[in-house]
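Hello,

My notes follow below it.

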Amino acid sequence: VLGEMDPKTGKVTEHPIPVVKPGYSLGTLDLEIDKDDNPWVGLMYQSAIARFDRKTQKFETWATPKQWDSDAGQLGHLAVEGTPADDTVWIKNSAGGHIYRLNLASSKFQDVGSPKDPRTGKRIGTYGIHSDAQNNLYLLDFSAGNIVRIDAKSEQTTVFLTPTPNSHPRRGRVDDQGRLWFAEYFGNAIGMLDPKSGKIEEWKVPTAWSSPYDAVFDKNGDAWTG
């Protein structure tokens, strides 16, 4: 289910999510809110994503094309921050690390592939994915210390290295200046990539072994992690 809580009254409403792939595990992972305040969720082993229209109170789902799907298909993370720029949604399939691009007008999927680390040739172990206002995509490489940028127009990839090697970036967010903030799970820090300079700045968490999971920069100029 997708749960909705009214903060004024405390009332909780549960919206049953349609079953897209019968016989496979149910459940969700990533939850994102688009420009119209509609929630999007990754349906994991259902190999699909869903958008809940708050006006109609109905779900719309998009599933991995059958020719690409497998028993290990897992659409957990998606990015809708930059969707208004070109009406496309970025999605990660954990099966093979494939990055999909969904055109909402045609409902067609594009497989952008599985980006590789140019230094080692190994597949980028993407965890969180986040897009900016131009719908350029950022991949957080949880298997190493890479931040990968995929250009929305050319689909060319650029790899940035965190100052702390093998920091295992996990989740983050792009701020209104286009900077990517992210948590370094094994680096015990949060980082910020400024795409204009191409440089990453880090701030270490004061408590050892905190394992920061996510990072968000707020409107007051403070960065938060947990």
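**Strand E15 and its sheet**

Strand E15 is mostly covered, with five of its six residues buried. Buried means under 20% relative accessible area, exposed means over 50%, and partly exposed lies in between (1.4 Å probe, protein chains only). Strands (E, at least two residues) and helices (H or I, at least four) are DSSP runs, numbered from the N terminus.

Before you go on: this is a predicted model, where local features need pLDDT of at least 70, side-chain atom pairs count only at pLDDT 80 or more, and totals for chains, interfaces and linings use all residues. Residues are numbered from 1 along each chain as its sequence is written, and side-chain values use heavy atoms, with hydrogens and water left out.

E15 belongs to an open sheet of four strands, ordered E15-E16-E17-E18, with antiparallel pairing. Its edge strands are E15 (169–174) and E18 (199–204), each pairing on one side only. Neighbouring strands in this sheet are turned by 25 degrees against each other on average, direction ignored. Those axes are lines fitted to C-alpha atoms, for helices over the stretch in contact, and angles run from 0 to 180 degrees between N-to-C directions.

Four bridges join E15 to strand E16 (residues 180–184), and the two run antiparallel. Two strands pair if DSSP finds at least two bridges between them. Valine 174 faces leucine 180 of E16. Glycine 172 stands opposite phenylalanine 182, also in E16. The hairpin of E15 and E16 has five residues between the strands, and there glycine 178 takes a positive phi near 85 degrees.

**The largest nonpolar core**

This core has 12 residues: Trp40, Ile49, Trp62, Leu75, Leu78, Val80, Val89, Ile91, Tyr100, Leu102, Leu104 and Phe109. Strands E7 (75–79), E8 (88–93) and E9 (98–103) are the elements that give two or more residues to it. The term covers a set of buried Ala, Val, Leu, Ile, Met, Phe, Trp, Tyr and Cys residues joined through side-chain atoms within 4.5 Å. In soluble globular proteins, nonpolar side chains tend to be buried together.

Valine 80 contacts Glu32, Ile33, Asp34, Trp40, Val89 and Ser131, leaving aside neighbours within four places in sequence. Contact means heavy atoms within 4.5 Å.

Leucine 2 lies in strand E1 (residues 2–5). Leucine 2 counts as buried because its relative accessibility is 9%. Not counting residues up to four places away, leucine 2 touches Thr13, Glu14, His15, Ile17, Leu31, Pro39, Val41, Phe52 and Phe59. Proline 16 is 14 residues from leucine 2 in sequence, and their C-alpha atoms are 6.5 Å apart.

Asparagine 136 sits in the loop between strand E11 (126–131) and strand E12 (137–141). Asparagine 136 has 6% relative accessibility, so it counts as buried. A polar atom of its side chain lies 2.8 Å from the backbone nitrogen of alanine 152. Beyond four places in sequence, asparagine 136 touches His130, Ser131, Arg149, Ile150, Asp151 and Ala152.

**Whole chain**

The secondary structure comes to one helix and 20 strands. Of the 226 residues, 46% count as buried. Among contacts with a separation of 6 or more, residues 24 or more positions apart account for 40%. The C-alpha atoms fill a box of roughly 45 × 45 × 35 Å along the principal axes.

The radius of gyration is 18 Å, which agrees with a compact globule, because 226 residues would give one near 17 Å. That radius is taken over C-alpha atoms, and the globule rule is 2.2 Å times the number of residues to the power 0.38.

Best regards

Key: Polar contact = N/O pair within 3.5 Å; in protein donor to acceptor, adjacent residues only side chain to side chain.
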